[in-house]
Amino acid sequence: MNKQAAFLIGSVIIMAIFALFTTLNESVTLMQINPEPPAPPHPDSTNLIYQHHVRDQGEPNDQLVFIKENVTKTNQESLLISSLPIYEDRGDQCKPHDQLVFIKTHKTGSTTLMIIVEIYGYYHNCSFLFNAKDPRQGHIRYIKVDLTTLLPPLNVSMGAYNEYVNQFDMSAVHIKYDRTFLQTVMKKGTKYISILRDPVKQFESAFVFFGFAKGNGSTETKINKWLNRPKPEVKFLNNNQILDLGLPAKYFRNEARVASHIKKLSRELDLMLITEYFDESLLLLRKLMCWSFDDIVYIKQNARPDEKRSLPLTDPLKDRIRKWNVADSSLYKYFNQTFWKKIAAYGPSFRQDLQYFKEKQTRLYNLCVENEITAGHRTKYTVLPNATDYCTLRVEMKEPFNRIWLRQQKQNSLT
C-alpha cells in the first residue's frame, strides 16, 4: 500500500470517529434538554373523576375515561359527570360476574352490603328477586315462597311463571336460604354469599332494634331478664343467623345437625363475609366477582350512632348470649376461621389493596355526604346539593331499590 492510499484511509477513519462523537454529543444534549418523562402516577394518586360506560354483553371490561379534576366539596356541585375517583384493576383480566345471591341476614351490616349489590345490578340491568307484594322493600321474609311470590324478571309478563325459571340475576333481600328453590329461579352459574356477625353483637343489636330494650333501665339488665325466661318463638332473638341460612329452629340444639348444616353451607356458599372485617370481606367479594374497587365502595347504612349504642356487656352476659345462641356461635366460629384462610390465599397485594380501598372510602364520603342525621336509633345521611348520580345511589338508602323495582315493574307491564 503506497503512502497516498494509507493517508486517504486514515482520513476516512478520523472523519467517521468525529461524526460518531458529534452524534453522541447531540444525543446527550437532547437528553439533558428533554429528559425522558417520568412514569405516569398511579391513576388514583390525583383527584380523578371517571365517566362510567356500562359494558355490553361480551365486553370484558368497563370502559373508563379519566378526567383530571380537583374534587372538593365546594366545586362538587358543578360536576356534571357521573362518578368519583377510581383505580381500575381486575387482576388477571377476568370477566365481571353479574349473577349473585346474597342471603341477607339480620343485624349484621347486611343493609350496606345489599346496597352494594343493588347498585351493581342497577347499572348492569339485572333482574332481582323481589316479593311482588312488598313494593317498599321487596323482602321474602319467613313466608312460604314459590314462583307466584315473585315480581317477574325483566321483560317477562306477570303470571308467565314458566318464564321465571332460571331468569333472575340477583337477590339481595331477606329470604331464607333454600338452595333448591334458588337454583330453580336463578341463572346458571350464580354465585352465593352471605354475611355473619359475632353472635353477641348481633343479638344485642337485634334486641335493641326490634324494641325489646325500650323503657327505663340498662340494656344489660333487660337482656338478662329476657334470658331468664327466653321466648324461642321470637325468631330475631333465637339463633337468627343460622335460621336465615336455612336450619329449622327445632335443630338449634342438636349438635350433629348443626355441624352437618354448617358443612353444607361451607360446600354450597362461595363466600361468607364477616361483619367485624367488612372491608376485608369486600376485597374477597371483589375478587370472587371480578368487580372493580368502584363496585364495592359504600356509605355505611342503618347503623346506630355512637351515642345510641349500649354500654359494653359484661363477660358473664356474653357467655349467656352465646349459650342461648349456640348454633349461631358454632356457625360464626367455623366461618371466622375459614375467612382468614381466604385472606391468606388472596395474594401479596392484600395489604396494599386494603389501604387503597380505605382511602377510597374516605374520598367517597367527602365527595358525597353533606350531613349526618340521627333518626331514632339510626344514622342517616344527606347527599350534597346537585350531587352526581353516583353519590345519590350510595347516600340515599332506598334509591337503588326504588329504581330497580320501578324498572322491573314497568318493563313487565309493557311485555
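Start with the open sheet of four strands, ordered β4-β3-β5-β6 with parallel pairing. Strands and helices here are DSSP runs numbered from the N terminus: E of at least two residues for strands, H or I of at least four for helices. Two strands pair if DSSP finds at least two bridges between them. This is a predicted model, in which local features need pLDDT of at least 70 and side-chain atom pairs count only at pLDDT 80 or more, while totals for chains, interfaces and linings use all residues. Residues are numbered from 1 along each chain as its sequence is written, and side-chain values use heavy atoms, with hydrogens and water left out.

Stop 1: Select β4 (170-171) and β6 (271-274). Look for Leu100, which stands opposite Met170 in β4.

**Stop 2: helices on the sheet.** Show α2. This helix packs on the sheet and touches β3, β4, β5 (191-196) and β6. Contact means heavy atoms within 4.5 Å. The direction of α2 makes about 165° with that of β3. Angles run from 0 to 180 degrees between N-to-C directions, and axes are lines fitted to C-alpha atoms, for helices over the stretch in contact. Next, select α11 (residues 326-345). It lies across β5 and β6, running at about 100° to β6.

**Stop 3: a helix pair.** Show the side chains. From α7 come Val258, Ile262, Lys263, Leu265 and Ser266, which meet Ala327, Ser330, Leu331, Tyr334 and Phe335 in α11. The residues of this contact divide into seven nonpolar, two polar and one charged. Ala, Val, Leu, Ile, Met, Phe, Trp, Tyr, Cys and Pro count as nonpolar, Asp, Glu, Lys and Arg as charged, and the others, Gly among them, as polar.

**Stop 4: the largest pocket.** Select Gly109, Thr112, Gln301, Asn302 and Ala303, which lie nearest the centre of the largest pocket among its 44 lining residues. On a 1 Å grid over the protein atoms alone, a pocket is an open set of points with protein on both sides within 12 Å along at least five of seven lines; a cavity is a set where a 1.4 Å probe fits but cannot get out; lining residues have an atom within 4 Å of a point. The pocket holds about 1,200 Å³ of space. Volume is the space filled by probe spheres set on the points, and grid points are joined across faces, edges and corners. Which element gives the most to this lining? It is α2, with five residues. By class, the lining has 13 nonpolar, 17 polar and 14 charged residues.

**Stop 5: the cavities.** The whole structure has two cavities of 30 Å³ or more. For the largest, select Thr112, Ile115, Ile116, Ile119, Val297, Tyr298, Ile299, Gln301 and Arg394. About 40 Å³ of space lies there. Four of its lining residues, the largest share, come from α2. Finish at the second largest cavity, with a volume of about 30 Å³. Its lining includes Lys104, His106 and Asp244.
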